[in-house]
Amino acid sequence: CVPVDDGNACTSDVCDNGAPAHPPTPAGSACTSGGTLCDGAGKCVECLVAATCPGTDDECQTRTCTSGACGFSFTANNTQVAAQTANDCLQKVCDGAGKVKEIPDDGDLPLDDGNACTSEACSAGSKVHPAVMNGTACNDGNACTQSDSCQAGVCQGQSPVVCAAMDQCHLAGSCDQAT
């Protein structure tokens, strides 16, 4: 018997009981036609297990090896991922094709802007600070006003303090918060 080359790198060219034979080479043997690994059944494939496929696994995609071919399994569209940015009015989710996208999250309120006359809200994924109701009490930081209230999102002092005359030689005057 003289072994006959069948041109398949995933089979051995041998003689068996005096006749040419082509048994498969072990799984994982190197090949170059259709992939890089022999599957143990005489076929050259891309993979034997998903871990040998190119790419990385993450929350939105997982590598697969199906019938010797590499691929990906994708997480369902709009599935929330773990890494989020607080107070940005957005939510990071999978896009159903292996990537992360951002969608509006009007429940992820922005940080306080420090203005007592506005509130914090989200509108279609954007940060907004709408004015509170006119007349809401506030403090304008001016000791020369007796009552302060919000008007169109701004704290405005009302009822200015009038200073009494210190003696008969002085006139009553306007409050100067510096003195």
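The protein chain contains 0 helices and 14 strands. The model is a predicted one. Read from the N terminus, the elements of the chain follow the order β-β-β-β-β-β-β-β-β-β-β-β-β-β. The radius of gyration of the protein chain is 38 Å. For 179 residues the globule rule gives 16 Å, and the value for this chain is well over that, so the chain is more spread out than a compact globule. The C-alpha trace spans about 135 × 30 × 15 Å along its principal axes.

Of the 179 residues, 21% count as buried. Among contacts with a separation of 6 or more, 13% are between residues 24 or more positions apart. The chain exposes about 11,100 Å². Carbon and sulfur atoms supply 53% of that area.

The structure holds 9 disulfides. Three of them are described here, including the link of C53 to C70, the link of C60 to C94 and the link of C89 to C122.

C53 and C70 are joined with an S to S distance of 2.2 Å. This pair links distant parts of the chain, 17 residues apart. C53 sits in the loop between β4 (44-45) and β5 (61-66). C70 belongs to strand β6, residues 69-74. The torsion about the S-S bond of C53 and C70 is about -85°, so this disulfide is left-handed. C53 has 4% relative accessibility and counts as buried, because buried means under 20%. C70 has 28% relative accessibility and counts as partly exposed.

The disulfide of C60 and C94 has an S to S distance of 2.1 Å. C60 lies in the loop between β4 and β5, and C94 lies in strand β7 (residues 90-94), so the pair ties together parts that are 34 residues apart in sequence. About its S-S bond the torsion is about -85°, so the disulfide of C60 and C94 is left-handed. C60 counts as buried at 2% relative accessibility. C94 is buried as well, with a relative accessible area of 1%.

C89 and C122 form a further disulfide, with S to S 2.1 Å. C89 is found in the loop between β6 and β7, while C122 is in strand β9 (residues 121-123), so parts 33 residues apart in sequence are tied together by the pair. The link of C89 and C122 is left-handed, with -75° about the S-S bond. C89 is buried, and its relative accessible area is 0%. C122 counts as buried at 12% relative accessibility.

F72 counts as partly exposed, at 36% relative accessibility. F74 also counts as partly exposed, at 40% relative accessibility.

Methods. Residues numbered from 1 in each chain as written. Predicted model: local features only at pLDDT ≥ 70, side-chain atom pairs only at ≥ 80, totals over all residues. Heavy atoms only, no water. Disulfide = S-S within 2.5 Å. Helix = DSSP H or I, 4+ residues; strand = E, 2+ residues; numbered from the N terminus. Buried < 20%, exposed > 50% of the residue type's maximum accessible area, 1.4 Å probe, protein only. Rg over C-alpha atoms; globule rule 2.2 N^0.38 Å. Contact = heavy atoms within 4.5 Å. Areas by Shrake-Rupley, 256 points an atom, 1.4 Å probe, with all protein chains shown as cover.
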